Amino acid sequence: MLVDVAIFLAAAVFVVPISKRLGLGTVIGYLVAGVLIGPCGLRLISRVEETLHFAEFGVVLLLFLIGLELQPARLWKMRGTVFGIGGAQVFATAAALGGAGLLFGVGWRTALVAGLALAMSSTAFALQVLGEKNELARPHGKVAFGILLFQDVAAIPTLALVPMLAGGASEHGPSPGLRALIVLGVMVGLGLAGRYLLRPMLRFIAGAKNHDLSAAATLLVVVGTALLMHAIDLSEALGAFVAGVLLADSEYRHELEANIEPYKGLLLGLFFMAVGMSADMKILLGRPLTVAGLVVGLTAIKFAVLWGVGRLAKLPARGSTSLAVAISQGGEFAFVIFGVAQEGAVLDKAIADLLVVVVTLSMAVTPLLFIVRDRVLARKDAGAAREFDEPSNEGNPVIIAGFGRVGQIVGRVLRAKGIAYTALDASAQHTDFVKRFGNKIYYGDASRPDLLRAAGAEQATLFVLAVDDMETSLTVAKSVLHHFPHLKIIARARNRQHAYALLGLGIDVLSRETFAASLEMSAWALEAVGLTTSEARSAVKRFAEYDDTRMRALYHLRDDEKALIASSKEYAAELQRILDEDANAVN
C-alpha cells in the first residue's frame with residue numbers, strides 16, 4: 001500500500017506542475033498522471049476500480065464544502081435554477097444524445113441509458129476548473145452549479161430506471177411509494193440531526209480544544225452522512241451536500257471548512273488520476289477516428305443545449321458560452337450508470353468500455369475549451385476596444401488619474417469643498433460602472449499627452465496620481481513630468497518599492513497605500529491595551545514621522561539588500577530609543 005501511495009504522489013508531483021506550466025491546468029495533469037501509471041501506461045497500479053471507489057470520497061468532501069457555503073434560505077432561492085434550468089438541460093441533452101444513438105442503429109434501451117448517463121456532467125471537474133478561474137461566483141458559475149446539483153439528484157432515478165429496463169425492478173427492493181417515504185424520512189431526520197445533534201456534538205468537541213479531534217469529528221459527520229445515503233441507495237455526494245447545507249448557519253462553519261480542505265484537495269487529485277487510469281487507451285489506439293468523433297459529437301451536442309439553456313436562464317451570450325464550456329463534458333456518474341447497465345445486460349461491454357473512454361476524454365477537453373474561450377474572447381475584446389473619451393476642458397484645477405477606491409475618495413472630498421476636478425480611468429468597464437452613480441469621469445489613458453491636454457492639464461495646478469498598477473502609475477508619472485512640468489503631483493504608492501520608484505522620479509508628496517489605515521489601527525491597539533488616547537496618538541505620530549524620514553533616507557540603498565537589512569536593525573533600535581524617551585518625558 002505504501003508503494004502505491006508513493007507512486008500516486010510521485011506521479012502527481014512531477015506531472016501536474018508541468019501541465020500547469022503548459023497552461024493546461026491541474027485537471028489534465030492528474031488525468032495524464034493516471035494514464036501513465038495505470039494499466040494502459042506503465043502498469044504501476046492495477047487496482048483501478050478500488051482506487052476509483054475510494055477516491056470518489058473526494059467528490060463527497062467537495063460537495064460538503066459547497067453545502068457549507070449555501071445557507072438553506074439561499075438554496076431555496078436557487079430552486080428555479082436547480083429544477084427549472086437543471087431539468088431542462090438534463091432532459092434536452094438526454095433526448096438529443098439518445099436520438100443520435102437511435103440514428104446510429106443502437107437499441108432504444110441502450111440509447112435511453114446512454115443518453116441519460118452522458119447528459120450528466122462532472123461535478124468534480126467543472127467546479128475545480130471554475131474554482132481555479134475564480135468563476136464560481138459569476139452568473140454562469142451559479143447556473144452551472146445549479147445544473148450540476150440537479151444532475152446529482154437526477155442520477156438517483158436514472159440508476160433506479162436501469163434495472164427496470166433489464167426487467168428486474170419489480171422483484172427486488174421496496175415499492176416506489178415506500179422508497180419515496182424512506183427518502184423523505186431520511187431527509188427530515190438529517191434536518192433534525194443537524195440542528196439538535198450535530199451542533200451540540202461540535203460544541204462539546206470544541207470544548208476539548210484539540211484540533212485533531214475536531215478534524216476527526218468533521219470527517220465523521222461527512223462519512224456518516226455518506227454511509228446513510230448509501231444505505232438507501234442515494235448519492236453519497238448529495239448526502240454530504242445536504243449535511244453541509246444544514247451546517248451552513250453553524251458557528252463552526254469556518255472551522256469545518258479548514259478541517260476538510262486538505263483532505264478534499266488530495267482526494268480530488270486522486271479521483272482525477274483514477275479516472276485517467278480507468279480509461280482503456282487500447283480502444284483509443286485501435287479506433288481513434290471513432291473515439292474522436294464521439295468525443296466531438298458529445299461535446300458539441302451538450303455545448304449547443306447548454307448554450308440554449310444559458311440563454312433561457314437570461315445569461316448574456318458570453319455567459320452562455322462560458323456555461324457551455326464549463327459543463328459540456330461527461331461526468332463521473334456515467335461510470336456508475338454504465339457499470340449497472342452492463343450488469344443488467346442493458347449495455348454491451350464493448351459499448352460500455354467505449355463510452356467510458358469517450359467520457360474520460362471529454363473531461364480532458366474541458367480545460368482546453370477554456371483556453372480556446374479565453375483566447376477568442378480576448379481577441380473579440382481587442383477588436384471591439386472602443387475609442388477613448390474626449391475630455392472637455394472645463395478649466396478644472398485638479399486632474400485625478402485612476403478613479404478606483406483611492407481616487408474616488410479624493411474626488412468626493414474635493415467635491416464636498418466645492419473644488420472641481422477632471423477624472424480619468426483606463427478601464428472602460430469601471431468607467432461605465434462609476435458613471436451610473438452620477439460621477440463625471442472619462443475613459444482614457446492618463447499617460448497620453450493629447451488626452452491630458454484635452455482634460456486641461458496645461459491650465460490645471462494639481463495632478464492626483466491614484467492609479468492602482470505600479471508600472472502604469474510610473475508610466476503616467478513620467479509622461480506628466482515630461483509634458484506638464486508645472487503640475488504638482490501627489491501620488492499613491494502601493495508599497496515601499498513603489499514609493500522608492502516615485503521618489504526616484506522626483507515626486508516627493510506620496511501616500512503609501514494602507515499606511516494611514518495601519519497607523520489608525522495601531523493607535524486603537526495601543527488604547528485597547530491600556531494607553532491613554534493622547535499617549536497612543538503621540539506614539540503613532542512619532543512612529544509615522546520617523547518611518548517617513550527613514551524611508552526617504554534609505555532611498556539610496558533601495559537596490560542594496562544587505563545594506564537595507566543592516567539599516568532595518570538599526571532602525572528598530574533607534575525607534576525604540578525615541579519612543580522610550582517620549583514615554584519617560586511624559587512620566
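Author: Before we start, a word on names: helices (H or I, at least four residues) and strands (E, at least two) are DSSP runs, numbered from the N terminus. Also keep in mind that this is a predicted model.

Reader: Fine. In which loop is Arg43 found?
Author: Arg43 has a positive phi of about 60° although it is not a glycine. Most residues other than glycine have a negative phi. As for its place, Arg43 is in the loop between helix 2 (25-37) and helix 3 (48-55).

Reader: Does Arg43 count as buried or exposed?
Author: The cut-off for exposed is over 50% relative accessible area. Arg43 has 61% relative accessibility, so this residue counts as exposed.

Reader: Which loop holds Lys314, and what is its relative accessibility?
Author: Lys314 is not a glycine either, yet its phi is positive, about 65°. This lysine lies in the loop between helix 15 (288-312) and helix 16 (317-326). Lys314 counts as exposed because its relative accessibility is 76%.

Reader: Which residue with a positive phi follows helix 8?
Author: Helix 8 covers residues 123-132 and is mostly covered, with 7 of its 10 residues buried. Among those buried residues are Phe125, Leu127 and Leu130. After helix 8 comes a residue whose phi is near 55°, and that is Asn134.

Reader: Now helix 15. How accessible is Thr299 there, and which residues does it touch?
Author: Thr299 lies in helix 15. Buried means under 20% relative accessible area, and Thr299, at 10%, therefore counts as buried. Not counting residues up to four places away in sequence, Thr299 touches Ser328, Ser362 and Leu369.

Reader: Is Lys302 buried or exposed?
Author: Lys302 has its place in helix 15. The limit for buried is under 20% relative accessible area. Lys302 has 0% relative accessibility, so this lysine counts as buried.

Reader: What is Lys302 in contact with, and how far apart are Lys302 and Gln89 in space?
Author: Leaving aside neighbours within four places in sequence, Lys302 is in contact with Gln89, Thr93, Leu118, Ala119, Met120, Ser121, Ile327, Ser328, Gln329 and Gly330. Along the sequence, Lys302 and Gln89 are 213 residues apart. C-alpha to C-alpha, the two are separated by 8.6 Å.

Reader: Which residue in strand 4 is the bridge partner of Ile399?
Author: In strand 1, Val398 and Ile400 point one way and Ile399 and Ala401 the other, and all are buried. Strand 1 is also joined by 4 bridges to strand 4 (residues 462-465), and these strands run parallel. The bridge partner of Ile399 there is Phe463.

Reader: How much space lies in the largest cavity, and which elements give two or more residues to its lining?
Author: A search of the whole structure finds 1 cavity of 30 Å³ or more, and the largest has about 70 Å³ of space. Its lining consists of Leu202, Ile205, Ala206, Ser214, Thr218, Tyr252, Glu255, Leu256 and Asn259. The elements giving two or more of these residues are helix 10 (176-206), helix 11 (211-231) and helix 13 (253-278).

Reader: Last one, for the whole chain: how many helices and strands are there, and what share of the residues is buried?
Author: The protein chain has 26 helices and 6 strands. Of its contacts with a separation of 6 or more, 74% are between residues 24 or more positions apart. The accessible surface comes to about 29900 Å², with 63% belonging to carbon and sulfur atoms. Of the 587 residues, the buried share is 45%.

Conventions:
Residues are numbered from 1 along each chain as its sequence is written. This is a predicted model: local features need pLDDT of at least 70, side-chain atom pairs count only at pLDDT 80 or more; totals for chains, interfaces and linings use all residues. Side-chain values use heavy atoms; hydrogens and water are left out. Buried means under 20% relative accessible area, exposed over 50%, partly exposed in between (1.4 Å probe, protein chains only). Two strands pair if DSSP finds at least two bridges between them. Contact means heavy atoms within 4.5 Å. Accessible areas come from the Shrake-Rupley method with a 1.4 Å probe; for residues, only the protein chains shown count as cover. On a 1 Å grid over the protein atoms alone, a cavity is a set of points where a 1.4 Å probe fits but cannot get out, and a pocket is an open set with protein on both sides within 12 Å along at least five of seven lines; lining residues have an atom within 4 Å of a point. Grid points are joined across faces, edges and corners, and a volume is the space filled by probe spheres set on the points.
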